Amino acid sequence: MDLRLLTAAAVAWSVTLVALRIPPMWCWVLAAAGLLAAGALVTERVRSGERMTQARLPATSRRRVLDTVALAAAAVSLVGAATGGHLMSRQAGTVDRLAAQRATVRVEAVVTTDPRVVRAGLAGRQSLVIVKVSVRDITGRGTRSTPRTPVLVLGDERWLQTRWHQRVAFSGRLQPAEAGDDVEAVLMTRGAPRVIGDAGPLFDAVEVFRRDTRAATDGLPADARGLVPALVMGDTSRLPQDLNDDMRATGMTHLNAVSGSNVTLVLLSAMWLAGWLRIRGRWRYAVAAAVLGLFVMLCRPEPSVIRAAVMGLIGLVGMSVSRRTAGSPVLAAAVLVLLVYDPWLAASYGFALSTLATAGLLFFARPWADRIARRLPRWGKPLGEAIAIPMAAQAMCAPVIVLLQGSVSLIGIPANVLAAPLVAPATMCGVLTVLVAPVSTSWARAPAWLAALPTEGIAWVAHSCARVPLGTLPWLPGAAGALLLAGLTLIALFCGVWVVRHLWVRPYLAGAGAVLAAAAWAPTPAGGWPAAGWVYVACDVGQGDGGVLATSPGHALVVDTGPDPGLMDACLDRLGIGVVDAVVLTHYHADHVGGLAGVLDGRRVGPIYVTPVSGTTSSDSDGEASEEPLVRALAAQHRLELRPLVTGDVLDIGAVHALVVGPTRLIRAGSVQNNASVVLDVRSHGMRLLLTGDIESQAAAAVLGQLRALTDAPPVDVLKVPHHGSANQDPQLEKFVRAPIAVISVGAHNDYGHPSPRTLDLLRESNSTVERTDRGGDVAIVARDGTLLVARP
């Protein structure tokens with residue numbers, strides 16, 4: 001295959017990641033430099049002539065090198081100019097300035113995504129709903145502008161009533177987004193949006209298809225009711241959470257998301273339907289194009305959907321024997337076009353996975369399918385393609401999946417192979433349901449039930465395979481793990497056949513390898529859970545904080561309780577805690593106090609220590625509701641006293657000596673509640689721990705001043721990283737602490753981007769080993785024979 005343009009696209013992709021984080025003017029400078037370099041290289045290629053034959057490289061190789069570098073320079077110029085233009089366009093107006101001032105604003109905007117619940121309401125509190133909008137009119141701090149700036153809105157359940165492309169008016173408080181985000185600011189609002197403009201007749205018609213499809217599938221079993229709309233149009237609003245989790249664990253999420261493979265299946269269904277209707281020749285492609293257009297509209301023509309549609313078309317090219325050699329430059333051209341259309345796709349894991357999966361189809365799927373089919377009996381030859389496609393996609397995507405999950409799925413290929421025969425009939429019947437539903441919901445129930453049969457089978461495969469022992473292999477997390485897996489994958493691709501042949505003729509080598517693998521995998525004898533000598537445990541409570549400090553056998557000091565009473569209760573049960581000597585609630589956000597009822601359930605509990613900053617006076621300023629009323633109600637119900645902690649207070653409870661080093665004062669900047677977090681400098685069993693709640697950079701600077709005043713203090717051994725590893729850190733605090741172990745309490749697959757790559761880089765620069773609750777569950781810090789250890793269940 002000709003890889004020249006693909007190389008240029010890869011270079012342009014890397015440059016785009018950098019360009020998103022620099023001012024627009026520098027993007028234009030980058031574009032000009034790339035254009036000049038491309039022009040110089042093209043001139044050199046034209047003028048080389050006979051000099052090329054005298055060079056050490058053959059003429060053809062020299063030309064290919066010049067072509068590749070020239071294409072890369074031209075691609076850099078293209079994406080640099082496009083990124084600069086996008087940045088200048090979206091930064092026009094006053095949104096950035098008002099966000100930097102954290103101003104309260106009035107906004108008119110167009111809804112650009114469907115609203116999505118990212119935190120369900122628990123214990124009487126409201127859900128958190130996110131939705132992206134394009135700001136068209138903004139008023140704040142005495143100024144008014146009419147930009148087209150993307151903003152992420154955080155609201156409550158009332159935002160669930162908004163529909164895509166409606167124009168809405170609302171108010172709230174702005175704050176800056178992280179550098180490189182696909183939005184310019186985050187707007188926190190607690191009011192209801194007011195609809196001031198409809199989406200338009202075309203979008204209303206599309207909404208009819210979505211609404212009627214949901215109505216036609218209402219009577220299906222729960223898994224099918226959620227999976228049929230997800231499979232056909234990416235509507236996951238009714239997908240059961242357990243099914244979503246199991247599909248993620250088995251690598252089957254490409255079926256319930258708008259992905260390139262999803263588009264490919266829809267197009268194949270359309271081609272099959274056209275064939276069944278006796279439509280011939282080019283008209284069949286017209287039917288497929290019409291279905292693709294309908295599919296894009298149904299799934300919303302957002303950048304991710306456009307990306308999936310393009311990758312799905314290329315996937316069809318890749319599976320065509322006659323056009324396979326054209327797949328590589330077509331893929332490269334598609335990547336460049338998409339980066340010009342939306343440069344922020346360069347930072348999207350979905351874009352990376354789609355591109356890599358499509359590359360797997362282009363490079364490996366067809367030849368692997370042919371080789372597998374040759375080794376199967378005649379009746380099983382169609383399985384060659386079903387096996388080769390997930391193998392090719394898994395081989396290419398596995399390194400990126402390691403970055404997301406920190407593990408390697410061993411069950412993904414078998415699960416996808418088992419589900420493959422069911423996907424085509426489910427998709428075809430689902431497409432038919434979507435087309436019939438607007439005509440008659442009653443008629444559409446027939447194809448919906450036909451689609452339910454194979455989708456129930458897909459759900460059964462996901463549920464069953466997710467429970468297979470050792471279906472997921474733990475792996476080295478982060479970039480190091482991704483590079484290691486990528487290297488091993490390349491070795492397997494290029495040397496796998498040679499290795500298998502040598503093992504076939506030397507079976508003793510295979511036996512030795514099996515013994516070594518079994519020895520490495522077999523667990524060593526351990527003392528069970530909890531680990532003997534544990535001092536502190538960060539409980540796996542999802543997206544929140546729940547910490548436990550051992551005070552004496554069966555007794556503990558609890559610092560925050562997470563969002564869910566059941567999860568916190570289970571953690572304390574695992575640790576054998578029957579008496580809670582005291583509870584410290586660092587601040588009143590739900591992800592730190594929502595699980596308080598689980599601590600109080602069936603245990604003797606001492607006083608509850610809280611932040612001195614009342615949540616009811618600060619919730620309006622930071623946009624997230626305070627749970628102080630819930631805390632006070634539970635304390636009154638159990639006849640417990642609430643005691644505020646201030647800087648300088650000391651808690652001496654059993655083996656725990658804790659000095660309060662924050663909050664030092666009320667900080668109005670940033671999140672008032674987060675910066676009001678109680679910060680504890682803990683000494684226990686010869687170990688020093690710094691528990692920081694959710695402090696942001698402003699409060700962290702104040703805490704740093706307190707720590708510097710403790711001149712005779714020993715070094716910090718363990719840092720509980722502030723705010724789940726968000727990007728809003730004070731780098732000086734981490735650099736001053738330089739704790740050997742940094743614990744991040746964070747939920748798996750959370751929607752906040754926690755922990756931030758910037759924070760992880762900062763911790764690595766501080767030589768801290770990062771332990772996360774989203775990878776392996778509870779984290780225990782153990783003091784044994786004067787040595788600091790980390791234990792996991």
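Q: Is threonine 455 buried or exposed, and at what relative accessibility?
A: This is a predicted model, in which local features need pLDDT of at least 70 and side-chain atom pairs count only at pLDDT 80 or more, while totals for chains, interfaces and linings use all residues. Residues are numbered from 1 along each chain as its sequence is written, and side-chain values use heavy atoms, with hydrogens and water left out. Buried means under 20% relative accessible area, exposed over 50%, and partly exposed in between, with a 1.4 Å probe and protein chains only. Threonine 455 therefore counts as buried, its relative accessibility being 0%.

Q: Which residues is threonine 455 in contact with, leaving aside its neighbours within four places in sequence?
A: Threonine 455 sits in helix H16 (residues 441–466), where helices (H or I, at least four residues) and strands (E, at least two) are DSSP runs numbered from the N terminus. Contact means heavy atoms within 4.5 Å. Leaving aside neighbours within four places in sequence, the residues that threonine 455 touches are Ala224, Leu227, Val228, Leu231 and Ala426.

Q: How many Å separate the backbone oxygen of alanine 452 from a polar atom of the side chain of threonine 455?
A: An α-helix has 3.6 residues a turn, so residues three or four places apart point the same way. For the backbone oxygen of alanine 452 and a polar atom in the side chain of threonine 455, the separation is 2.9 Å.

Q: Which residues are linked with Arg603 in a network of salt bridges?
A: Arginine 603 and aspartate 573 meet through their side chains in a salt bridge of 2.7 Å, N to O. Arginine 603 lies in the loop between helix H21 (596–600) and strand S15 (604–605), and aspartate 573 in helix H19 (residues 565–574), so the pair ties together parts 30 residues apart in sequence. Arginine 603 is buried, at a relative accessible area of 11%. The residues linked with Arg603 in the network are Asp569 and Asp573.

Q: What is the N to O distance in the salt bridge between aspartate 681 and arginine 688?
A: Side chains of opposite charge can pair when their charged atoms come close. Aspartate 681 and arginine 688 are both buried, and their side chains meet in a salt bridge with an N to O distance of 2.8 Å.

Q: How far apart in space are alanine 386 and leucine 689, C-alpha to C-alpha?
A: Alanine 386 is part of helix H14 (residues 383–405) and counts as buried, with 17% relative accessibility. In sequence, alanine 386 and leucine 689 are 303 residues apart, and in space their C-alpha to C-alpha distance is 52 Å.

Definitions and conventions
Salt bridge = Lys/Arg side-chain N within 4 Å of Asp/Glu carboxyl O. Polar contact = N/O pair within 3.5 Å; in protein donor to acceptor, adjacent residues only side chain to side chain.
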